[in-house]
Amino acid sequence: MAREKDWDMEYSTSFLDEMIWLKRHGIRYTWVYTNEYGISVWRYKKEKRLWDALSSMYSNKKYEVRETNYENKLECQNKK
């Protein structure tokens, strides 16, 4: 029996930095809605230029996750 999987054709984000970055790179959201918590969620068509723009954004040092901070956080959680 073949099993059908749902495939979301759109990418969603509630991260304002992403929405602004994508807008500056000429990528417009397909629609926006407010979720049950009052947070705006932007939806984008999944396409290569979307992934390229997001990759460029997250290559920025501002969004870099430092391993030492992550390791320190884990150590603190393990001590509790």
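Helix 1 (residues 16-24) packs against helix 2 (residues 48-58) at an angle of about 120 degrees, their axes 10 Å apart. That angle makes helix 1 oblique to helix 2, as angles under 35 degrees count as roughly parallel, over 145 as roughly antiparallel, 65 to 115 as roughly perpendicular and the rest as oblique. Angles run from 0 to 180 degrees between N-to-C directions, and axes are lines fitted to C-alpha atoms, for helices over the stretch in contact. Helices (H or I, at least four residues) and strands (E, at least two) are DSSP runs. This is a predicted model: local features need pLDDT of at least 70, side-chain atom pairs count only at pLDDT 80 or more, and totals for chains, interfaces and linings use all residues. Residues are numbered from 1 along each chain as its sequence is written, and side-chain values use heavy atoms, without hydrogens and water.

Now the contact itself. From helix 1, D17, E18, W21 and L22 meet L50, A53, L54, S56, M57 and Y58 of helix 2; contact means heavy atoms within 4.5 Å.

W21 lies in helix 1. Leaving out residues up to four places away in sequence, W21 touches A53, S56 and M57. W21 and M57 are 36 residues apart in sequence, yet 7.2 Å apart in space, C-alpha to C-alpha.

A53 touches W21, L22 and I27, again not counting residues up to four places away in sequence.

The largest nonpolar core has nine residues, including L22, I27 and A53. Such a core joins buried Ala, Val, Leu, Ile, Met, Phe, Trp, Tyr and Cys residues through side-chain atoms within 4.5 Å; buried means under 20% relative accessible area, exposed over 50%, partly exposed in between (1.4 Å probe, protein chains only). Helix 2 gives the largest share of this core, three residues.
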